[in-house]
Amino acid sequence: MEDIHDIKIPIETPLLTQNLIHTLWWCFGLLCLFIIAYFIYRYYKKKKLSHEGEKIQETEKIKTKEEFQKLAMDKLVSTKKYIDLGEYKTFHLEVSEIVKEYLGNIYRRGYSDMTSKELSRSQELQGGEREQLVDLLRLADMAKFAQKNHEEDVAQQVYKLALEIIK
């Protein structure tokens with residue numbers, strides 16, 4: 001029976017060990033970071049909503065198609081500077097957004113959020129207008145995403161198509 005030893009008493013450890021204290025500090029730091037990130041998120045979301053509200057108020061003041069047309073024409077003329085500077089990708093981005101915004105204002109739908117395929121299937125657009133829009137978006141998408149057609153003649157063609165759609 002000498003092989004059997006007595007049972008040892010459990011070793012008492014302090015309630016807050018060094019590892020537990022470090023873990024609590026890390027949790028506190030992460031909690032503070034999440035709180036700060038949340039307030040930053042709320043600030044920018046509120047700022048974005050107020051900016052969108054201003055845009056909605058601006059378009060709600062306009063009631064007639066002619067006023068929407070004039071607004072779109074002014075924006076379209078201002079994008080011509082990108083052709084002169086050779087910034088064709090920026091030009092195509094701006095023109096497609098202007099046309100989508102114009103059509104969205106005319107038909108009171110969210111065309112700005114639609115893809116090119118969704119726009120081409122839209123029921124409000126009639127034959128000639130739909131074909132022009134599909135051509136414009138096809139050329140603009142090729143320049144924006146495939147990085148092809150960075151040429152002045154293609155940009156001029158897109159500009160003329162945008163003018164025809166707006167007129």
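**Figure 1. Helices and strands of the predicted model.** The protein has 6 helices and 0 strands. The model shown here is a predicted one. Along the sequence, the elements follow the pattern α-α-α-α-α-α. The protein has 167 residues, of which 26% count as buried. Its accessible surface comes to about 12,800 Å², and carbon and sulfur atoms account for 58% of that surface.

**Figure 2. The largest nonpolar core.** This core contains 28 residues. Those that touch the most other members are Leu76, Phe91, Val95, Val99, Leu133, Leu136 and Ile166. At least two core residues come from each of four helices: H2 (65–85), H3 (88–107), H5 (127–144) and H6 (152–166). Helix H6 gives the most, with 9 residues.

**Figure 3. Packing of H2 against H3.** The axes of H2 and H3 are 9 Å apart, and the two helices pack at an angle of about 175°. An angle over 145 degrees counts as roughly antiparallel, so H2 is roughly antiparallel to H3. On the H2 side, the contact is made by Lys65, Phe68, Gln69, Ala72, Lys75, Leu76, Thr79, Tyr82 and Ile83. On the H3 side, the residues are Tyr88, Thr90, Phe91, Glu94, Val95, Ile98, Glu101, Tyr102, Asn105 and Ile106. Leu76 of H2, together with Phe91 and Val95 of H3, takes part in this contact; these three residues are also among those touching the most other members of the largest nonpolar core.

**Figure 4. Packing of H2 against H6.** The axes of H2 and H6 come within 10 Å and cross at roughly 175°. H2 and H6 are therefore roughly antiparallel to each other. Helix H2 makes the contact through Gln69, Ala72, Met73, Leu76, Val77, Lys80 and Ile83. Helix H6 contributes Glu152, Ala155, Gln156, Tyr159, Ala162, Leu163 and Ile166.

**Figure 5. Packing of H3 against H6.** The axes of H3 and H6 come within 11 Å, with a crossing angle of roughly 10°. Angles under 35 degrees count as roughly parallel, and H3 and H6 are therefore roughly parallel to each other. The H3 residues in the contact are Tyr88, Phe91, His92, Val95, Ile98, Val99, Tyr102 and Leu103. Those of H6 are Glu152, Val154, Ala155, Val158, Tyr159, Ala162, Ile165 and Ile166.

Figure 6. Aspartate 153 is found in helix H6. Its relative accessible area is 52%, so aspartate 153 is exposed. The C-alpha atom of aspartate 153 is separated by 9.6 Å from that of isoleucine 83, a residue 70 residues apart from it along the chain. Isoleucine 83 is one of the H2 residues in contact with H6. Leucine 139 is found in helix H5. With a relative accessible area of 7%, leucine 139 is buried. The C-alpha atoms of leucine 139 and alanine 155 are separated by 8.6 Å, and these residues are 16 residues apart along the chain. Alanine 155 is one of the H6 residues in contact with H2, and alanine 155 also belongs to the contact between H6 and H3.

**Figure 7. Cysteine 27 and cysteine 32.** The structure holds 0 disulfides. Cysteine 27 has a relative accessible area of 46% and is therefore partly exposed. Cysteine 32 has a relative accessibility of 30%, so cysteine 32 also counts as partly exposed. Partly exposed here refers to values between the cut-offs of 20% for buried and 50% for exposed.

Methods. Residues are numbered from 1 along each chain as its sequence is written. This is a predicted model: local features need pLDDT of at least 70, side-chain atom pairs count only at pLDDT 80 or more; totals for chains, interfaces and linings use all residues. Side-chain values use heavy atoms; hydrogens and water are left out. A nonpolar core is a set of buried Ala, Val, Leu, Ile, Met, Phe, Trp, Tyr and Cys residues joined through side-chain atoms within 4.5 Å. Buried means under 20% relative accessible area, exposed over 50%, partly exposed in between (1.4 Å probe, protein chains only). Accessible areas come from the Shrake-Rupley method with a 1.4 Å probe; for residues, only the protein chains shown count as cover. A disulfide is a pair of cysteine sulfur atoms within 2.5 Å. Axes are lines fitted to C-alpha atoms, for helices over the stretch in contact, and angles run from 0 to 180 degrees between N-to-C directions. Angles under 35 degrees count as roughly parallel, over 145 as roughly antiparallel, 65 to 115 as roughly perpendicular and the rest as oblique. Contact means heavy atoms within 4.5 Å.
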